[in-house]
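Me: I would like to learn how to read features off a model like this one. Could we take them one at a time?

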There are 2 protein chains.
Amino acid sequence: MPLIERLPKKQRHQHLLKLIEENPFVTDRELTRELKVSIQTIRLDRMELGIPELRERMKQMAEHSYDQVRSLPLDEVVGEVVDLQLDKSGISIFEIREDHVFSRTHIARGHYVFAQANSLAVALINDEIALTASADIRFLRQVHLGEKCIAKAYVRSMNGHKGKAKVEVFTYVGEEMVFQGNFVIYRSTAEDIIEGGM
Amino acid sequence: MPLIERLPKKQRHQHLLKLIEENPFVTDRELTRELKVSIQTIRLDRMELGIPELRERMKQMAEHSYDQVRSLPLDEVVGEVVDLQLDKSGISIFEIREDHVFSRTHIARGHYVFAQANSLAVALINDEIALTASADIRFLRQVHLGEKCIAKAYVRSMNGHKGKAKVEVFTYVGEEMVFQGNFVIYRSTAEDIIEGGM
DNA sequence: ATCATTTTAGAACCTGGTACTAAAACAGTA
DNA sequence: TACTGTTTTAGTACCAGGTTCTAAAATGAT
């Protein structure tokens, strides 16, 4: 059992990591020329380091970037409002479809679940203008493809008839709560300018 | 030379284009099942339409996203990542268009601004799975139709190599900060189950 | 000299294709 | 009906860039 001079291998591993980080599109064969070892050694090294093959690396990058690109087309109304008592409470339903999930995992992107809650919170406010000022949100468990999110929103406070309203939203899949958020909504009857908020 | 009834082929081409656009990761074999023709026909169709093979498509996507600072010439694509240093920082640009605003006020809906920030925060995390766990967000001023939102995200902490990461996002229109958010992102290398989070 | 580790070699097999040849099925027309 | 042209299907050989497995050789430490 060699005890010293074990560096070459570790050094090569470091070098390998660096090379692949520099150029993730490098093949094993190209690496042999750089590292001066056989292709089998390269492959053993990759195994030990847990580095996937070139094609898998490319696939991961492609999926990653694809997920970014397709991540925005939210519909005008996110979720169907099935019950609405202005300034009091409301319920909306939103089914997670193919468009709303990460392709790899089939788990819903957070901003869709947020969008449902945000839309409902804004819809609840009985004023001409209602914009989200801030929010404090928590995703309690993943939501999967095909699941139906039921968001329930309650107006908690109502600073006069102008100003801010606090709305609490709970989103469920069946019995389970999957999301919870506290929204502060700016409200205004006229088109007067609000110093902040959306 | 058949002159009429030439539709089936063109129809199939349209269908093929749509299928591949919907899911660029589809293999020829999978397409045969959808289109009910032989794999050779699929391949002839791809040839005629100039659609490269799956691996080439993935490679192009991967290369495209790898190309660090891409051309600013904003695509139609909203929330385009123009700079990305994994696990460190990133920048994305999103132009507010008709679809993204309240029709009355021409003010952007909050969840679009949130979506840009959320997507960027998730994109930043260099792991197979990255889901938003919670967020604390603030809309600092309204964003109007036509304005360009530039989101800058920074990874602030990195609980080991599994677990949670904290990402801070600032969104600007010109010099003005319009949004600020603190995201907690769950991260995981494997497909192991995460108890909560999106 | 001996023994464990490390490296190399080689063969079989895999996916998701390309390139090419050729037969069959389908259509329209003379 | 027979001929012609397009379209579809089938099949083979080949490719890159690997994985998986077995096994031999080189290296180094004691």
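**Reading helices, loops and the core**

Reply: Start with burial along a helix. In helix α2 of chain B (residues 28-35), the buried residues are D28(B), L31(B), T32(B) and L35(B). Seen down the axis of α2(B), these buried residues fall within an arc of 110 degrees, so they line one face of the helix. Keep in mind that this is a predicted model.

Me: Which helix packs against α2(B), and at what angle?

Reply: Look at the axes. Helix α3 of chain B (residues 39-49) packs against α2(B) at an angle of about 105 degrees, and the axes are 9 Å apart. Angles of 65 to 115 degrees count as roughly perpendicular. The two helices α2(B) and α3(B) are therefore roughly perpendicular to each other.

Me: Which residues make the contact between α2(B) and α3(B)?

Reply: From α2(B) come D28(B), R29(B), L31(B), T32(B) and L35(B). From α3(B) come I39(B), I42(B), R43(B) and R46(B). Sorted by class, the contact has 4 nonpolar, 1 polar and 4 charged residues.

Me: What follows α2(B) in the chain?

Reply: Check phi there. K36(B) follows α2(B), and its phi is positive, near 60 degrees. Now turn to chain A. K36(A) also has a positive phi, about 60 degrees, although it is not a glycine. K36(A) sits in the loop between α2 (28-35) and α3 (39-49) of chain A.

Me: Where does D87(A) lie?

Reply: D87(A) is in the loop between β1 (80-85) and β2 (89-95) of chain A. Its phi is near 65 degrees, a positive value in a residue other than glycine.

Me: Which residues of α3(A) are buried?

Reply: I39(A), I42(A), D45(A) and R46(A) are buried. They cover an arc of only 120 degrees around the axis, which puts them on the same side of α3(A). The face turned away from that buried side carries the exposed residues Q40(A), L44(A) and M47(A). After α3(A) comes G50(A), with a positive phi near 70 degrees.

Me: How many helices and strands does chain A have?

Reply: Chain A has 5 helices and 6 strands. From the N terminus on, they run α-α-α-α-β-β-α-β-β-β-β. Of the 198 residues in chain A, 49% are buried. Then look at contact range. Among contacts in chain A with a separation of 6 or more, 62% join residues 24 or more positions apart.

Me: What does S92(A) touch?

Reply: S92(A) is found in strand β2 of chain A. At 1% relative accessibility, S92(A) counts as buried. Leaving out residues up to four places away in sequence, S92(A) touches G79(A), E80(A), V81(A), V82(A), Q116(A), L120(A), C149(A), I150(A) and A151(A).

Me: Which residues touch the most other members of the largest nonpolar core?

Reply: That core has 71 residues. The residues touching the most other members are I137(A), V167(A), F183(A), I137(B), V167(B) and F183(B). Helix α5 of chain A (residues 110-124) gives the largest share of this core, 9 residues.

Me: What is I137(A) in contact with?

Reply: Set aside its neighbours within four places in sequence. In chain A, I137(A) contacts F114(A), F179(A), Q180(A), G181(A) and F183(A). In chain B, I137(A) contacts F114(B), S134(B) and A135(B).

Conventions
Residues numbered from 1 in each chain as written. Chains lettered and ligands numbered in written order. Predicted model: local features only at pLDDT ≥ 70, side-chain atom pairs only at ≥ 80, totals over all residues. Heavy atoms only, no water. Buried < 20%, exposed > 50% of the residue type's maximum accessible area, 1.4 Å probe, protein only. Helix = DSSP H or I, 4+ residues; strand = E, 2+ residues; numbered from the N terminus. Arc of directions from axis to C-beta. Core = buried A, V, L, I, M, F, W, Y, C linked by side-chain atoms within 4.5 Å. Contact = heavy atoms within 4.5 Å. Axes fitted to C-alpha atoms, helices over the stretch in contact; angles between N-to-C directions. Parallel < 35°, antiparallel > 145°, perpendicular 65-115°, else oblique. Nonpolar A, V, L, I, M, F, W, Y, C, P; charged D, E, K, R; others polar.
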